[in-house]
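Subject: Structure handover

Hello,

Here is the structure we talked about, with the notes that go with it. Please open it first and keep it beside the text as you read.

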Amino acid sequence: MSTDQIRLSIFLGVFFLMLFLESRIPRHPTVDSKKRRLAINLGLTFLNTGLIKLIFGAAAVGAAAYAREQGWGLLNLFEVPAGLNILATVILLDFAIYWQHVLVHKVTFLWRFHIVHHSDLDLDVSSGFRFHPVEIVLSMLYKIAIVFLLGPSVTGVIVFEAVLNGMAQFTHSNIRLPLRLDRALRYLFVTPDMHRIHHSVEVRETNSNYGFNLSVWDRLFGSYIEEARRPQPEIVIGVEQFRRPEEVSFGHLLSMPAQVRAVDQN
Ligand SMILES: [Zn+2]
Ligand SMILES: [Zn+2]
């Protein structure tokens, strides 16, 4: 199987599993049409996937192979055993994207694009891929830069991308996990309840719980919120500026960065 086939299989497998679970054990009532949101978010997913393929190909993996040939990056300085290299790659890349996420919240120009992700009025498995194409391109450039600095193994990058892909769907899904399982998982990993707080309209909550895979970065750097001000099913999802479904249509999402009020997000 090629990496593309592995990627697609993980995407489809997790997608349909989460979709099924969302229909059986929903955690949060919805305010917008699921069909409409799925069409918008999957539309963005296809647009972004096509764009990335067109501009970069398998860029991060290619960058890792190139860094290895050139002997660039931290992990290429040492003889790291393969298994440890993969583990270190996954953890360090996760650390890097935690800080990227903090940055896109703190820098107004970047927030203009990231707000598209936050403008979803409900959260579900499809929200994990709802990003403005410009944010996707900038993320890719950032990832390539990190890969050059880190010099990770090619397999490590493939594993990281697969984990991130699956986790993005899981952490955005509208599923109710048993509370004890959620708390146990949260010691190490981001859960749907933890990430839902990040999608709250309340600014203090939006600017918290930045983690994608591991929850430890938020705990370490003081951005962790265990409970939202409201109980989970009552968290108001989205951003203050765009509350109506018409304001978050596909066309509006693409031009949204130009409409964002220059309010201080912090
Ligand atoms: Zn965010
Ligand atoms: Zn999110």
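A residue is called buried when its relative accessible area is under 20%, exposed when that value is over 50%, and partly exposed in between. By that rule His-172 is buried, because its relative accessible area is 4%. Please keep in mind that this is a predicted model.

His-195 counts as buried because its relative accessibility is 2%.

The zinc ion (ligand 1) is 5.5 Å from the zinc ion (ligand 2). Its protein donors are the NE2 atoms of His-101, His-105, His-114, His-118 and His-198, at 2.1 to 2.2 Å. Here the donor residues are spaced H-x3-H-x8-H-x3-H-x79-H in sequence.

Salt bridges

How many salt bridges does a search of the whole structure find? It finds 18. One of them joins Asp-193 to Arg-27, with the closest N and O atoms 2.6 Å apart. This pair links distant parts of the chain: Asp-193 is in helix H9, Arg-27 is in the loop between H1 and helix H2 (34-55), and they are 166 residues apart. Both Asp-193 and Arg-27 are buried.

Asp-193 also meets Arg-196 in a salt bridge, at 2.7 Å from N to O. These two are three residues apart in helix H9, so about one helical turn separates them. Arg-196 counts as buried because its relative accessibility is 1%, and Asp-193 counts as buried at 4%. Elsewhere, salt bridges that share partners join Glu-22, Lys-34, Arg-37, Asp-120, Asp-124 and Arg-130 into one network.

Within helix H8 (residues 179-186), Arg-186 and Asp-182 are four residues apart, about one turn of the helix. Their side chains meet in a salt bridge, 3.1 Å from N to O. Are these two residues buried or exposed? Arg-186 is buried, with a relative accessible area of 1%, and Asp-182 is buried with a value of 1%.

Aromatic pairs

A search of the whole structure finds 13 aromatic pairs. Among them is the pair of Phe-11 and Phe-129, which is edge-to-face, with 5.3 Å from centre to centre and 70° between the planes. Phe-11 lies in helix H1 (residues 3-24) and Phe-129 in the loop between helix H5 (108-118) and H6, so the pair ties together parts 118 residues apart in sequence. Phe-11 counts as buried at 15% relative accessibility, and Phe-129 counts as buried at 18%.

Phe-95 and Phe-221 form a tilted pair, 6.1 Å centre to centre, with 40° between the planes. Phe-95 is in helix H4 (residues 82-106), and Phe-221 is in the loop between helix H11 (216-220) and helix H12 (250-259), so this pair ties together parts 126 residues apart in sequence. Phe-95 is partly exposed, with a relative accessible area of 29%, and Phe-221 is partly exposed at 40%. Both belong to a cluster in which ring pairs link Phe-95, Tyr-98, Trp-99, Tyr-210, Trp-217 and Phe-221.

The nonpolar patch

On the surface, Leu-103, Val-107, Phe-109, Val-134, Leu-138 and Leu-141 form a nonpolar patch, with about 500 Å² of accessible area together. Which helix gives the most to the nonpolar patch? Helix H6 (residues 133-150) does, with three residues. Leu-138 is found in helix H6 and counts as partly exposed because its relative accessibility is 36%.

Regards

How values were computed:
Residues numbered from 1 in each chain as written. Chains lettered and ligands numbered in written order. Predicted model: local features only at pLDDT ≥ 70, side-chain atom pairs only at ≥ 80, totals over all residues. Heavy atoms only, no water. Patch = residues over 30% accessible without salt bridge, like charges linked within 9 Å, V, L, I, M, F, W, Y side chains within 5 Å. Areas by Shrake-Rupley, 256 points an atom, 1.4 Å probe, with all protein chains shown as cover. Salt bridge = Lys/Arg side-chain N within 4 Å of Asp/Glu carboxyl O. Buried < 20%, exposed > 50% of the residue type's maximum accessible area, 1.4 Å probe, protein only. Donors = N, O, S within 2.8 Å, 3.2 Å for Na, K, Ca; no water. Phe/Tyr/Trp six-rings, centres within 6.5 Å; stacked < 30°, edge-to-face > 60°.
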